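Subject: Structure handover

Hi,

Here is the structure I promised you. Please open it alongside this note, and then read on for what turned up.

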Amino acid sequence: MASDLTLYADSRFTSPWVMSVFVALTEKGIPFEIRTVDLDADENKAEPFAGLSLTRRVPAIAHENLHLSESSAITEYLEEAFPAPIYASVYPSQRRERALARQVQAWLRSDLIPIREERSTQAIFFKTPIDRPLGARATSSAQKLVAVAQAIIPKGASNMFGAWCIADTDLALTLNRLILNGDPVPSDLKAYAEHQWQRPSVQKWVNRERL
Ligand SMILES: N[C@@H](CCC(=O)N[C@@H](CS)C(=O)NCC(=O)O)C(=O)O
């Protein structure tokens, strides 16, 4: 049966941003179907995808005549379109914490580019560690990531804001670019990322079959 909501994903399932939307949909229990877009073959730049995604990037969703790209715009839309208490929340209920969660999401999507360049998610999802130490720029980004994570996660806590939110998944993914590659990360952040990684919605994405 066709679903009312379609998630467009990269065909290798390595996009961290697709993962974020997948986890939000799964947490909310929203029925959805996945359609894959082969980025290696530039399928995102051709019809039909190019006609439905403003940015021609994944993730994108189609829902009730709305086509939407940009992962955090999508997860915020889902939170409004499928609100609590009928659906699980993926953002904190308090305005102040919700703003802080969005801050983390926006930051993870706009900074730390050297880490993204040197520690691709391919290495995470295909379990093929990169046998090359971090360069100077990535080392500096990693130090910033650690400092920010330690500032926002209360000491010893498993979530940033008491209850889990989607920014926890995003932050854990970014930390895991380093941790799962064997790069040095303080033990409190390793414990946090390990806890986040065991979340069933995350495991469902991690354990997808990938070709
Ligand atoms: N800020 C965007 C980033 C999306 C993004 O970088 N998508 C990549 C895959 S991870 C993509 O579609 N790349 C193909 C391209 O840009 O042509 C988001 O959060 O959704």
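Predicted model: local features only at pLDDT ≥ 70, side-chain atom pairs only at ≥ 80, totals over all residues.

A polar contact here is a pair of N or O atoms within 3.5 Å.

**Ligand site**

Start with the contacts. In R57, a polar side-chain atom sits 3.0 Å from an oxygen atom of the ligand. That distance falls within the 3.5 Å cut-off.

How much of the ligand's accessible area does the protein cover? On its own, the ligand has 510 Å² of accessible area, and the protein covers 77% of that.

The ligand is surrounded by S15, W17, L39, N44, K45, R57, V58, P59, E70, S71 and R109. Sorted by class, this shell has four charged, four nonpolar and three polar residues. The ligand takes up the space of the largest pocket.

Two prolines deserve a look. P59 is in the loop between helix 2 and strand 3 (60-63). Both V58 and P59 belong to the ligand's surroundings listed above.

The other proline is P48. Its peptide bond from E47 is cis, with omega near 5°. P48 is placed in the loop between strand 2 (33-37) and helix 2 (49-52).

**A positive phi**

N65 is not a glycine, yet its phi is positive, near 70°. Look for N65 in the loop between strand 3 and strand 4 (66-69).

**Aromatic pairs**

How many aromatic pairs does a search of the whole structure find? There are six. One of them is formed by F22 and W205. A pair of aromatic rings is described by the distance of the centres and the angle of the planes. For F22 and W205, the centres are 5.1 Å apart, and the planes make an angle of 50°. That counts as tilted.

This pair links distant parts of the chain. F22 is in helix 1 (residues 16-28), and W205 is in helix 10 (residues 200-206). The two residues are 183 residues apart.

Best wishes

Definitions and conventions: Residues numbered from 1 in each chain as written. Heavy atoms only, no water. Near = heavy atom within 4 Å. Polar contact = N/O pair within 3.5 Å; in protein donor to acceptor, adjacent residues only side chain to side chain. Areas by Shrake-Rupley, 256 points an atom, 1.4 Å probe, with all protein chains shown as cover. 1 Å grid on protein atoms, 1.4 Å probe; cavity = no way out; pocket = protein on both sides within 12 Å on 5 of 7 lines; lining within 4 Å. Sits in = over half its atoms within 2 Å of the grid points. Nonpolar A, V, L, I, M, F, W, Y, C, P; charged D, E, K, R; others polar. Phe/Tyr/Trp six-rings, centres within 6.5 Å; stacked < 30°, edge-to-face > 60°. Helix = DSSP H or I, 4+ residues; strand = E, 2+ residues; numbered from the N terminus.
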